[in-house]
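I opened the structure to take some notes on how it is put together. My entries follow in the order I looked things up.

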Amino acid sequence: MSGSLGRAAATAASALLRWGRGAGGGLRGPGVRAAGSGGSGSSEHLDALVKKDKVVVFLKGTPEQPQCGFSNAVVQILRLHGVHDYAAYNVLDDPQLRQGIKDYSNWPTIPQVYLNGEFVGGCDILLQMHQNGDLVEELKKLGIRSALLDDTKDQDSK
């Protein structure tokens, strides 16, 4: 684990938004993808999911309708930074995925955030990274410019 990602995880120890159809055929909101049926909790399947996109979030509910306060906080932090291009997987739709991601990361809670295939942590760590500026730097490494930099620049010019 590199730099501030490693430090953040150690201290307490993310275009692709589109409509898609889940395993049950139900329509899902933007940003939410079905993990797919069969093997959704397998290590190989989860490895593919976390590495498929630059920012991946496993949450309770959807970005448009989070089903717990911690999932909502993660969604709000990403919105503050202007991150809209991320894969979000609703673990409430799939009990195998819910347990599988906990086993995969060796982290007992949801939500879980991955940046560039690396496990960052949950709500508490993402909040800490947001507060201390590490999230801006990690997003920059992914080629994502935080919207907070634009807000700062706008205020400096006033």
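I began with the buried residues of α3, and they are Ser-71, Val-74, Val-75, Ile-77 and Leu-78. The model is predicted, so I read all of this as computed. I looked down the axis of α3 next. The buried residues fall within an arc of 160 degrees, so they line one face of the helix.

What do the buried residues of α3 pack against? I found strands β3 and β5, plus helices α5 (123-132) and α6 (134-141).

I then checked the length of α3. The helix covers residues 69-80, which makes 12 residues. From first C-alpha to last, α3 reaches 16 Å, close to the 16 Å expected at 1.5 Å a residue. Just after α3 comes Gly-82, with a positive phi of about 75 degrees.

**The sheet**

I traced the strand order next. Four strands form an open sheet in the order β4-β3-β5-β6, and the pairing is mixed.

How many bridges join β3 to β5? I count four between β3 (residues 55-59) and β5 (residues 112-115), and the two strands run antiparallel. Val-57 has Val-113 of β5 as its bridge partner. On the β6 side, Val-113 stands opposite Gly-121. Three bridges join β5 to β6, again an antiparallel pair.

I also looked at what covers the sheet. Helix α4 (residues 95-105) lies across β3, β4, β5 and β6. Its direction is at about 60 degrees to β5.

**The core**

Which residues have the most contacts inside the largest nonpolar core? I noted Val-55, Val-57, Phe-58 and Tyr-86, in a core of 35 residues. Strand β3 gives the largest share of this core, with five residues.

Most residues other than glycine have a negative phi, and most peptide bonds are trans.

Where is Asn-106 found? I placed it in the loop between α4 and β5. Asn-106 has a positive phi, near 60 degrees, and is not a glycine. Buried or exposed, I asked of Asn-106? At 69% relative accessibility, Asn-106 counts as exposed, because the cut-off for exposed is over 50%.

The loop between α4 and β5 also holds Pro-111. The peptide bond from Ile-110 to Pro-111 is cis, and I read its omega as near 10 degrees.

I finished at the hairpin of β5 and β6, which has two residues between the strands. Asn-116 sits in that turn, with a positive phi of about 55 degrees. Asn-116 is exposed, at a relative accessible area of 54%.

Technical notes. Residues numbered from 1 in each chain as written. Predicted model: local features only at pLDDT ≥ 70, side-chain atom pairs only at ≥ 80, totals over all residues. Heavy atoms only, no water. Pairing = 2+ DSSP bridges. Contact = heavy atoms within 4.5 Å. Axes fitted to C-alpha atoms, helices over the stretch in contact; angles between N-to-C directions. Core = buried A, V, L, I, M, F, W, Y, C linked by side-chain atoms within 4.5 Å. Buried < 20%, exposed > 50% of the residue type's maximum accessible area, 1.4 Å probe, protein only. Expected span 1.5 Å × (residues − 1). Arc of directions from axis to C-beta.
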